[in-house]
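Welcome, and please take a moment to look at the sequence and the model before reading on. The paragraphs after it will walk you through what can be found there.

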Amino acid sequence: MTAPGPADAAAPALSLRLRHGFPGLTLDVAFEAPAGVTALFGPSGAGKTSVVNAVAGLLRPEQGRIAVGGAVLLDSAARLCLPPHRRRIGYVFQDARLFPHLSVAANLRYGARFAPGPAPQDDFDRVTEMLGIGALLDRRPAALSGGERSRVALGRALLSRPRLLLMDEPLAALDAARKAEILPWIERLRDAAEVPILYVTHSAAELARLATTVVLLDRGRVTRAGPVAEVLSDPDAAQGLGRRDAGAILHATVDRHDDDGLTRLSTAAGTLWLPRVAADPGQRLRVRIEAQDVILSRARPEGLSALNVLPATVSQVRLGEGPGALVQLRLGEEAILARLTRRSVAALGLEPGVACHAVIKSVAVAKGDVGSG
Amino acid sequence: MAGWLSPEEWQALGLSLKVAFWATLVSLPLGLVAAMALARGRFWGRSILNGLVHLPLILPPVVTGYLLLATFGRRAPLGAALDEIGIVLAFRWTGAALAAAVMAFPLMVRAMRLAIEAVDPGLEQAAATLGASRPWVFATVTLPLILPGVLAGAVLAFAKAMGEFGATITFVSAIPGETMTLPTAINAALQVPGNEASVWRMVLISVVLAMAALALTELVSRRVARRISGT
């Protein structure tokens, strides 16, 4: 047995380099992912699932090297390719793939017997409690709702005590309400920092909410990789996200809830008022500000209904091919994007270094765009 | 009750059950392997294997019987080699079981193969990512899911083995107490004038056994399907 070596604490959570030819697509991808949630983002057909399958061992790339926490899973140069069952990679499939002939409890316990060493005493109880599936244990997968199925699949993968968790669009098959139900569980998992996660998505909103690191993929290649706040506030990367979906994240702390239904948050750029946020004062949040919800004003606006007027400095201007333009604004240490017309950019004389005010309508920030973190 | 059938008829019924039982039992693992190979395998010679498995279904049974005799007869090379180590098939009940197994094999493999093809390979992949090696995946995921198909294949094969006539009579003849199964006994009874009562009794038993087998498959697969879906 060439058992995978012990995890090296200094090694990145995932280091990956691979090349593989498909009919019509050559996958040529390399990136390193730190702990936390690394989101693989790109349009369908970009090769996201193939990358994830290569990590799981379900796809054997022609060339490449994949190491997780220092343990080498694949090294084509050394002719090493561990089979899936020896990789200890948890995989949450889009379609859950629960075993239909086993109860929820048996599904959850399936992987534990293969994990090395004795399971931590309260592992099972802790995971079922964290995911809120304790009441479902005796049921069969056929009797579960879509959201419950996703949570059981997540719990099953976690209980196999993986080195890395792969999640391939786990929310894509769910409606908006079910998505809103699952997202907090994944945030909890990320914030507990138990296991690094490679998360495939083509939703910019999910990306903004969950990711710590972003890898943008297009036609089999990495077009951009980096910390989420940096990538999302980069006008060039915004092209890869789809212009309509452009939006950066602001970190905020809950100050207080007011009686008129608004919540006061403080950010690096000043006070932000949002419709009631379900979080306690003092809690750290990330708020996604969509570029199209931001209005710019050179002078501090007076007599405006919008509650949030944040002083900012223009740091980048990208004129689009059409009538639009993306402007990056610095607010303290953070940056957001504003989507304007080229005409406005010219009329206001916006260029790097210009001071202005960013106006954000409180109600424009969707509930789903506020998450922990 | 025992007087209802003549001793010869009891003997034929008992022998038929014994032959069909062993034919089914021994071909079960082989059938499973063949079905897995045909459903999942991507290897050279797959279509040849497919043809071989299905051959007894389309060949005249007498041809299959003769080919068995030519292969396993005491003077045939393979038969002689088996004779050396004390295994004799020609004109023995074991030979009847072999003939029945060969004739029933395509039906068994077909039922199992359909069941295997209905299993989502994604479930097996999921089991592998959870740490299960291939044999474990088969034992804990694939096999439970194809169980209705395996049982259906086994019952179908048993019923077919009970009724096998052409290959059996060619390969092992119809020796009372050794190779005279129900169908060959019916055939023999037909040769004797005034024996209609005996023929009818054995025909009735054959019909009842066949229908019981069919009902059993239905019952078992429905119960297993219910267990799987959990409703």
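A few ground rules come first. This is a predicted model, in which local features need pLDDT of at least 70, side-chain atom pairs count only at pLDDT 80 or more, and totals for chains, interfaces and linings use all residues. Residues are numbered from 1 along each chain as its sequence is written, chains are lettered from A and ligands numbered from 1 in the order in which they are written, and side-chain values use heavy atoms, with hydrogens and water left out.

Let us start with chain B. Its secondary structure consists of 10 helices and zero strands, where helices are DSSP runs of H or I with at least four residues, strands are runs of E with at least two, and both are numbered from the N terminus. The C-alpha trace of chain B spans about 65 × 45 × 30 Å along its principal axes. Chain B has 231 residues, and 43% of them count as buried; here buried means under 20% relative accessible area, exposed means over 50%, and partly exposed lies in between, using a 1.4 Å probe and protein chains only. If you look at contacts in chain B with a separation of 6 or more, 71% of them come from residues 24 or more positions apart, a contact being heavy atoms within 4.5 Å.

Now find α6 in chain B. Seven of its nine residues are buried, so α6(B) is largely enclosed by the rest of the structure. Among the buried ones are Gly122(B), Leu123(B) and Glu124(B). What do the buried residues of α6(B) pack against? In chain A they meet α1 (48-56), β7 (89-92) and α4 (146-159), and in chain B they meet α1 (7-40) and α7 (134-163). Asp120(B) is found in the loop between α5 (93-117) and α6 (121-129) of chain B, and Asp120(B) is partly exposed, with a relative accessible area of 36%. Thr142(B) is 22 residues from Asp120(B) along the chain, and their C-alpha atoms are separated by 9.1 Å.

Next come the aromatic rings. Over all chains, the structure holds five aromatic pairs; rings of Phe, Tyr and Trp (its six-membered ring) pair if their centres lie within 6.5 Å, with planes under 30 degrees apart counting as stacked, over 60 as edge-to-face and the rest as tilted. Tyr91(A) and Phe93(A) make a stacked pair, because their ring centres are 3.9 Å apart and their planes are at 15°. Tyr91(A) is buried at a relative accessible area of 4%, and Phe93(A) is buried at 4% relative accessibility. Elsewhere, Phe99(A), Tyr110(A), Phe114(A) and Trp136(B) form one aromatic cluster.

Arg97(A) lies over the face of Phe93(A), 3.9 Å from the ring centre, while the charged end of Arg156(A) sits over the ring of Phe99(A), 4.6 Å from its centre. For a charge to sit over a ring, NZ of Lys or CZ of Arg must be within 6 Å of the ring centre and within 35 degrees of the ring normal.

Arg97(A) is not a glycine, yet it has a positive phi of about 55°. Its place is in the loop between β7 and α2 (104-109) of chain A, and Arg97(A) counts as buried at 17% relative accessibility.
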